[in-house]
Amino acid sequence: MAACTAGNCQSGCYRNEDDDSVRTEKSDLINGTLSSGNVPDSANHHNLCLKCKLNKNLASSGTVSIDGDISRFCFDCFRGNLFGKFKLAVTSNAMISPTDNVLVAFSGGPSSRVALQFLHEMQQKAQKNFDASRDRSLPVFGVGVAFVDESAALRIPFDGFDKAIQDMKSIVSNLAPPAKAFHVVPIESIYSSNGRDRLKQLLNAVKDVTGKEDLLQHLRMLSLQKIAHENGYTKLLLGSCTSRIACHVISATVKGQGYSLPADIQYVDARWEIPVVLPLRDCLSKELNMLCCLDGGSLKTMEVLNSPHAGINGLVASFVSLLQEENPSRECTIVRTAGKLTPFHFNQIPDSDDSNTNLASRRRQKKFNLRPNESTPPESYCPICNSPLSKSDHINLSSPGSDETNGYKFGATWCPSCQFQILPKEPSSVEHFYSFLPEQFVVRAKERSSGIQRQLR
């Protein structure tokens with residue numbers, strides 16, 4: 001049987017141990033002799049890839065400065081390992097079915113670029129299987145790409161912004177078929193009218209730096225959900241990697257979001273109208289950056305919205321970065337430790353009777369199935385961040401006075417973290433702030449308030 005590589009079978013095996021030529025060459029390397037009878041240079045032997053033992057490792061390539069475990073592998077094995085993590089996350093958690101239409105949140109950075117490329121390769125493989133099938137009964141999932149234009153909220157140099165958008169369009173259009181739609185949507189489109197002015201006034205009403213940054217993140221998710229819903233997508237794929245999730249674990253703990261933390265760090269988050277999936281959850285940002293750097297320019301990236309974090313988020317990012325420098329496994333340890341928390345019932349794709357879901361995916365899903373606490377009643381959610389609320393939150397926030405204004409009644413439905421970080425402290429500013437909120441937030445709050453009243457009865 002011919003030896004396989006990461007470029008053709010994409011299984012991560014790279015070679016077949018039954019291949020006599022590979023087995024003989026490997027044996028010769030171990031014994032210190034080559035088939036020609038020559039004794040290999042010990043330095044060359046140490047420069048070989050730790051996995052395949054055939055190609056030179058990245059440390060000896062001299063193209064870029066590489067340290068840590070990454071340098072011990074060749075490029076093919078390194079890339080295959082990352083793709084293997086991505087593919088295992090998708091299949092073992094049943095993230096994508098053949099009938100799905102997946103929207104990739106694209107920022108132009110390394111994480112979203114790698115996520116788009118890997119998903120494209122999985123789609124290509126599915127398309128080849130579809131073309132080779134006689135009955136063609138198994139459809140191919142669709143892929144779209146979305147970029148949220150935040151220029152109305154952030155200071156972005158417009159001279160390079162338009163070029164970056166064109167580069168993104170080129171990246172998507174240059175991908176091999178099946179074709180992928182590219183959506184560029186201004187973040188102010190979440191408003192029905194006067195969006196740009198209302199968005200600016202909303203953000204200006206938030207005095208806390210951390211709260212303003214968090215609110216912008218919630219508005220971004222609202223925009224992505226709106227794009228997905230209006231264009232018929234069934235899944236939303238984010239490029240959140242281990243490093244970003246590790247920072248979220250620490251920052252959420254500091255902000256008092258410990259109860260809702262398990263909801264944000266799983267592979268699947270189905271509390272949203274369009275379920276969110278995180279297939280890069282097991283990949284470090286350092287690995288993704290290195291892959292884009294080494295991939296010969298084909299994984300082009302552009303940092304359009306890469307503004308430094310401020311407030312608590314900035315401090316936590318610096319702290320986790322220092323920890324990672326001291327010990328390269330710290331980010332993985334943080335995420336793995338937080339992963340022991342009991343997930344919520346919505347942290348898995350709902351069971352489907354879809355006959356197009358293949359048996360292998362179902363078996364993997366059972367093997368890696370989460371065990372959420374099904375005995376807990378359905379959660380209610382914060383209308384701003386959509387975090388599930390604990391019972392104590394219900395007690396503290398469920399009884400606004402009848403004489404209070406709409407702004408105060410609305411604020412009473414928030415989680416404690418959003419109340420502290422985002423809601424204005426001055427009574428005169430609350431109504432002003434309330435008038436600039438997107439309608440979706442207000443609708444969520446009314447639904448939650450009605451649910452609380454039913455529970456109190």
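Visitor: What angle and what distance between axes describe the packing of helix α4 (residues 75-92) and α5?

Guide: In this predicted model, helix α4 (residues 75-92) packs against α5 at an angle of about 70°, and their axes lie 11 Å apart.

Visitor: Why are α4 and α5 called roughly perpendicular to each other?

Guide: The angle is about 70°, and angles of 65 to 115 degrees count as roughly perpendicular, so α4 and α5 are given that description. On the α4 side the contact is made by Arg 79, Leu 82, Phe 83, Phe 86, Lys 87 and Val 90, and on the α5 side by Ala 115, Gln 117, Phe 118, Leu 119, Glu 121 and Met 122.

Visitor: What makes strand β2 (residues 142-149) largely enclosed by the rest of the structure?

Guide: A residue counts as buried under 20% relative accessible area, and seven of the eight residues of β2 are buried, so the strand is largely enclosed by the rest of the structure. The chain reaches β2 from β1 by way of helix α5 (residues 110-132), and this β-α-β crossover is right-handed.

Visitor: How do you know that β1 and β2 pair, and in which sense do they run?

Guide: Pairing requires at least two bridges between two strands, and strand β1 (residues 101-105) is joined to β2 by five bridges in the parallel sense, so the two strands count as paired. Among the facing residues, Leu 103 stands opposite Gly 144 of β2, while the bridge partner of Val 102 in β2 is Val 143. β1 is also mostly covered, with four of its five residues buried.

Visitor: What joins β2 to strand β3 (residues 181-186)?

Guide: Six bridges join these parallel strands, and Phe 147 stands opposite Val 184 in β3.

Visitor: Which strands are the edge strands, and what makes them so?

Guide: The open sheet has six strands in the order β3-β2-β1-β4-β6-β5, with mixed pairing. Its edge strands are β3 and β5 (268-269), each of which pairs on one side only. Within the sheet, β1 also pairs with strand β4 (residues 235-237), in the parallel sense and over three bridges, and the bridge partner of Val 104 in β4 is Leu 237.

Terms used. Residues numbered from 1 in each chain as written. Predicted model: local features only at pLDDT ≥ 70, side-chain atom pairs only at ≥ 80, totals over all residues. Heavy atoms only, no water. Buried < 20%, exposed > 50% of the residue type's maximum accessible area, 1.4 Å probe, protein only. Right-handed = clockwise from strand over helix to strand, strands pointing away. Axes fitted to C-alpha atoms, helices over the stretch in contact; angles between N-to-C directions. Parallel < 35°, antiparallel > 145°, perpendicular 65-115°, else oblique. Contact = heavy atoms within 4.5 Å.
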